[in-house]
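Please open the model in your viewer and keep the selection tool at hand. The stops below tell you what to select and what you will find there.

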Amino acid sequence: MGFLLLVIPIIALLLLFILKAKRLHHLVSVSSAVLLLIIAATLTHDVILYGAIAYSSLGGFFYLDALSMMILDIVLTIGLMAAIFSIGYLEEEVRQGKLPVPKIRLYYMLMVTFIFTMVLALTVRNMGLMWIAIEATTLASAFLVGFYNNRYALEAAWKYVIICSVGIAVALLGIILLHLSSAGILENGSFLDWTALYANAASLKGSVLRLAFIFILVGFGTKAGLAPMHTWLPDAHSQAPSPISAMLSGVLLNSAMYGIIRTTAIVNHNQGSSSFAGRLLIGIGILSIATAAVFILTQKDYKRLLAYSSIEHMGIIAVAIGIFTPLSIFGGLLHMINHSLTKSMLFLSAGNIMQRYDTKQIFKIKGILKTLPVSGTVFLLGLFAIAGTPPFSVFASEFSITAAIFNQSSLWVGMVFILLLAVVFAGIAVTLFKMFYGQPDSTEAADAKTGEINIPGTVCLVVLLAAVTAGGVYLPETIRELIIQAQGIVLSII
Amino acid sequence: MSENLLETLSVLILLSSFVLMANKRISSYIKSFRIQSLLIALAAGVMGVRSLLDEGRWDIMIVCILIVVLKVIYIPGLLNRTYASVRYKVEKDFILNIPILVLVCCGLVVFSYFTLATIDGSSQGMSNMQLVNSVSVIWIGLFFMISRKKALGQIIGFLVIENGLYITAMLATQGMPFIVDLGIFIDLVTFVLIMGMLTFRMNDQFDSIDTDQLNNLKG
């Protein structure tokens, strides 16, 4: 059953390669996303009931536990949303003459490959293979970032590949050191095997492991967009087509964060306390939030602003993992889900806005609520949600993280944290809310009728908004159970 | 005997990255990279023969052949093709002049010595010096990327980082698991193909492969 997760994208890729008609391409992409989500749902059920899923065939590399299952669910949910949204988005791009029809096929092939590499990263137990899959996500999405093939897109793609590949190379050094720390302790067959490393964490060589953690944090941190290694992120996220931006922000960053969480679990288990990894994570997390706050305040491009907001949220998750108490881990994992849903909703609605107004500049846009009633409303509410206002779900997780920081009596960290969140809120309010005021320009109004462009995509937006709003007041039992099991894995209280 | 050979090879690999740093012509970058890969293939060959005789394992031998095919023949060939189609042949504007760059590289070696000297080496008879040499190659590769502005120079810098990682993994831990090695090769070839394509596009769009042109996205 689990192998289907890896087989379906490959079949979809082959079908896309063989089939010629545009309509069929849309169909293949959406139906493979639906199938993947159905399989993930049944697997989630199994994981909650029986714990980890592993198969002995194929070298036993396939492995899913509550932690990876949770992130996999996020990947596939957002993947489906992006696939549905892409239909309308691409048709509109073709209609506006920005995209030749043959490129639709290339787009879907790259997107399916991208999803495949992320699924691979989350379903392997070997840290080395996980590294390979995470590097492959960069390579698979490089042409998606540079999809429009103009100067800006090319620059974004170049920076993206260079910075992420070098960063991830540093992570490989960390993984080699991780391997070195286990030399003489693990058997030949279980080299770099996460479960074996975790089980024998206490006897790994502490000094090598600490060095390994630093390299892995820097390496995967680059990919997760933590400051100061975040410089590729605003470029890539603002230049990519909107459904891809949604996946980059909502999904890719989480996959990289997953690597950090796995390593943190081993290191803290080995050190017997969370102080070493915790301090590094809290420091880098606070730095990311601060960097994002500064750039959000002065931002002129709304897609870049959303990208900086992603940096902020990755920082929040890093702080939560660094605090390392049951409440903070719960909050951090929940925050991953909430951030992904909210941020992809925002990027998708930003896609609608961009197609209507044909600009990314904030000051050129006026009166969204009139021209795009649904997307505009979703965008406005989404901004409130991402800034952490109740009743939306981001508030719930940010609140538990803040509570966890103060419970742990890290008074200064807590105060800085709250202050920075307030600055970010103010930044979003000051910069973006201008877009909602005023009347649409008369020249715009002449050719742009009011009303939505992308009907199926807009339905996705409404579904996401409903999920984000409901998530703030009520957490379904299944999801809660999954997060609690994942929390147990991280904290080694299984 | 094989221990001495590996020691020598690891020093030679480090030396080849110094040679690379002192190069000015893009064509000689590619040559230096080819020589370095050849040295790595030799090291893999030595280890492969040893593990074949001692434990009967074939995987390091296969890896050695893969290195020869990919890093010595295929990738440099690909880079040469890209190189032939762009106009820029010689790097002129470095951030620092070459003697200083080489001196900084010496500094990097000293730096990695001090970071790694305290680490107790692995149990498999590897001296710390080999680890220092190979980690230095990584930092020198990174520094090479920073010091060169042309797209091809950056690609080669990344390949040198990858070489450094590879030799570190091999000397420190007797090779990664075989499947991991294979995956790294697949990623590496994809990387070179993608970057080659982006270089062509850059050459079309900007009429140069100077990465200083990439400065439109800010803030």
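Predicted model: local features only at pLDDT ≥ 70, side-chain atom pairs only at ≥ 80, totals over all residues.

Residues are numbered from 1 along each chain as its sequence is written, chains are lettered from A and ligands numbered from 1 in the order in which they are written, and side-chain values use heavy atoms, with hydrogens and water left out.

Begin by selecting Leu15(A), which is found in helix H1 (residues 4-18) of chain A, a helix being a DSSP run (H or I) of at least four residues, numbered from the N terminus. Leu15(A) is partly exposed at a relative accessible area of 38%, where buried means under 20%, exposed over 50% and partly exposed in between, with a 1.4 Å probe and protein chains only.

Next select Tyr107(A) and Tyr108(A), whose ring centres are 5.5 Å apart with planes at 75°, so the pair is edge-to-face. Rings of Phe, Tyr and Trp (its six-membered ring) pair if their centres lie within 6.5 Å, and planes under 30 degrees apart count as stacked, over 60 as edge-to-face and the rest as tilted. Tyr107(A) is buried at 0% relative accessibility, and Tyr108(A) is buried with a relative accessible area of 0%.

Finally, select Arg262(A), which lies over the face of Trp194(A) at 4.0 Å from the ring centre; the rule asks for CZ of Arg or NZ of Lys within 6 Å of the ring centre and within 35 degrees of the ring normal.

How values were computed. Helix = DSSP H or I, 4+ residues; strand = E, 2+ residues; numbered from the N terminus.
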